[in-house]
Structures are given as structure tokens and as C-alpha cells.
Amino acid sequence: MEFAKTLKILWKRRRLVALGACIAAIAAMLSICTVSLFPPGLHNRTNVFATASTQLLVDTPDSAFADLANEMTPLETRASVFARFLATPAAIELIAREAKLPLDSIEAQGPYDINLPVINQEPTADKRSTQIIGEGALYRLRFENNPVLPIVAIFAQAPTRDGAVALADAVPRALRAYVEQIQAHQHTPPERRVVIRKLGDATGGVVNAGADKQIAALVFLVVFGAWCMLLVPAQTLARGWRQAGQDAPPPNGNGNGAGHRGGDPSSGFGSPTEHERVR
């Protein structure tokens with residue numbers, strides 16, 4: 001019964017309901033888009049992102065994996081150093097150049113030593129301030145390194161799958177070019193050079209496909225529902241206001257006050273007596 005009354009009220013105020021639908025549609029659009037005034041335009045604010053991952057191996061020219069005479073410990077140390085170097089601004093600049101992306105659109109973190117206390121794993125104030133600035137970046141990189149293996153794991157995040165895969169694949173190329181440039185400048189003998197090998201192409205996919213549509217639909221339903229809920233009390237208040245105005249006595253009053261000749265019939269005052277009616 002109450003539901004039917006609510007629908008009847010909304011139907012009577014259907015123009016306001018239509019206005020609420022327009023407002024809800026605008027709110028839903030703004031939840032997934034941004035408006036720019038100079039120049040005027042509407043830009044998509046994507047809530048969908050994709051991830052990709054790959055690994056790189058720090059090796060020797062003749063591969064330490066195939067020769068028992070080669071020690072792995074120096075390679076493990078260099079892998080740890082390379083993992084930390086990749087999160088520095090200098091390395092990010094090389095990666096951005098290799099991936100053909102703006103430098104300020106990439107943010108990198110890691111690696112973290114799992115053997116250290118939590119207080120030592122937490123970033124410093126300067127590093128955390130840099131991370132906060134980069135939290136709005138469209139492209140993100142995270143590096144992990146196992147201290148007993150000469151392998152660096154690379155995790156990339158981007159708005160699209162192709163972008164995430166391209167960013168992850170750009171890291172080994174950027175590091176290899178940087179190391180080879182140093183080796184050529186220092187005239188390092190070929191047999192003593194460190195080799196960066198990529199362990200397969202990056203693979204990834206979209207994490208939250210359809211998030212934009214879901215967010216827009218949720219915002220529309222919330223705003224439109226709140227608008228309709230406000231219309232029902234407004235209708236009730238308006239009706240009560242009108243009824244209060246109709247029930248209020250006129251300015252001169254027609255009640256039981258003095259001067260009213262049509263008082264209470266049972267009181268005998270202000271009403272014809274029995275003797276007068278007989279006459």
C-alpha cells in the first residue's frame with residue numbers, strides 16, 4: 001500500500017523525477033570523466049587498469065647456469081643492486097624513454113628486504129613523499145628480488161593490457177642498454193661483462209574490466225534514489241502545509257468567543273429560547 005502511494009506521488013511529480021534523472025546522469029558521467037575548462041572538453045577518467053609481469057636474469061656471457069665453475073654469489077649481489085637501481089629517478093627516465101612514455105607518468109617502488117624488521121622496511125619520509133606524488137601516476141612499476149637468486153621480478157601496471165606489457169618489457173631493455181654503455185665506456189673485457197637476459201616476454205591482462213560502467217551505474221542509482229526519496233517527504237510536507245492553512249480559523253474567528261451569537265446551543269445563550277420558538 002505504501003509502495004503504491006509512493007509511486008502515485010512520484011507520478012504526480014514526474015517532471016521533478018525527470019529532473020532528478022538528468023542530475024543523476026550528470027553525476028554518473030562526472031564519476032568516470034573529468035571536465036576541463038581551458039580548453040573546454042570532457043576526458044575519460046579511467047578506473048580500469050591492467051597488470052603485466054616478467055623477470056630478468058643477471059648472468060655471465062657464457063651463462064653461469066650452465067657452468068659449475070662460475071660463482072653465483074656475485075651475480076646475486078648485482079641483481080639486488082640492479083633491483084634497487086631500477087626504482088631510482090635515473091632508471092625511470094631510461095625506462096620512460098625506452099617505453100616512449102612521459103617521465104612524470106611512471107612511478108616505481110621496491111624492492112623490500114623481507115628479512116629486515118618492519119620499521120626498516122617502511123620508506124623514509126623523503127621516499128614516501130615521492131610515492132605520494134606518484135600515486136596518481138597512470139603507469140607503475142614494482143620490483144622484487146630474492147637475495148639468494150640473481151633474478152629480478154618486474155610488475156607493471158597501466159590503463160591497458162598492451163601498455164602494461166610494453167612497460168614491463170621496456171625494463172630489461174633499459175637496464176641492458178645502461179649496463180652495456182658503462183661496459184663500453186670502461187672498456188670491460190667481454191669475458192668479465194655482466195649480461196642482462198629477459199626470461200620470456202611479459203604477460204598480463206586487465207584486472208577490473210567493466211569497472212567504469214559499474215561505477216557509473218552505482219552513482220546513478222544512488223543519486224536518483226536519494227532524489228526520489230526527497231520528493232516523497234516534500235509532497236507530504238506540502239500537503240500538511242495546505243491542510244494546516246485550511247483548518248486555521250479566519251481572522252475574526254467563528255469560535256466560542258464573546259460576540260459570537262451562535263454559541264453553544266446547550267448553554268442557552270446566543271440561541272433562540274423555547275418561548276421564542278413557540279411565539
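**A walk through the predicted model**

The protein has 279 residues, and 28% of them count as buried. Here buried means under 20% relative accessible area, exposed means over 50%, and partly exposed covers what lies in between, with a 1.4 Å probe and protein chains only. The model is predicted, so local features need pLDDT of at least 70 and side-chain atom pairs count only at pLDDT 80 or more, while totals for chains, interfaces and linings use all residues. Residues are numbered from 1 along each chain as its sequence is written, and side-chain values use heavy atoms, with hydrogens and water left out.

The protein contains nine helices and eight strands. These are DSSP runs numbered from the N terminus: helices are H or I with at least four residues, and strands are E with at least two. Contact means heavy atoms within 4.5 Å. Of the contacts between residues at least 6 apart in sequence, 68% join residues at least 24 apart. The accessible surface comes to about 18800 Å², and 61% of it belongs to carbon and sulfur atoms. Such areas come from the Shrake-Rupley method with a 1.4 Å probe; for residues, only the protein chains shown count as cover.

Next comes the interior. In soluble globular proteins, nonpolar side chains tend to be buried together. A nonpolar core is a set of buried Ala, Val, Leu, Ile, Met, Phe, Trp, Tyr and Cys residues joined through side-chain atoms within 4.5 Å. The largest such core has 38 residues, of which Leu 86, Ile 95, Leu 141 and Phe 143 touch the most other members. Among the elements that give two or more residues to this core are strand 3 (50–59), helix 4 (89–99), strand 5 (139–145) and helix 7 (161–186). Helix 7 provides the largest share of this core, nine residues. Leaving out residues up to four places away in sequence, the contacts of Phe 143 include Leu 86, Ile 95, Ala 108, Ile 154 and Val 171. Another core lies apart from this one; its six residues include Ile 9, Val 17, Cys 228 and Val 232.

Lys and Arg count as positive and Asp and Glu as negative, while His and the chain ends are not counted. Glu 76 is buried yet has no salt bridge, and the nearest side chain of opposite charge, Arg 78, is 11 Å away. A salt bridge would need a side-chain nitrogen of Lys or Arg within 4 Å of a carboxyl oxygen of Asp or Glu. Apart from neighbours within four places in sequence, Glu 76 is in contact with Pro 147, Val 148, Leu 149 and Pro 150.

Helix 2 (14–32) and strand 1 (33–37) each supply at least two residues of the patch. Val 35 lies in strand 1, and it counts as exposed because its relative accessibility is 53%.

The backbone comes last. Most residues other than glycine have a negative phi. Lys 100, in the loop between helix 4 and strand 4, has a positive phi near 60°. His 187 also has a positive phi, near 55°.
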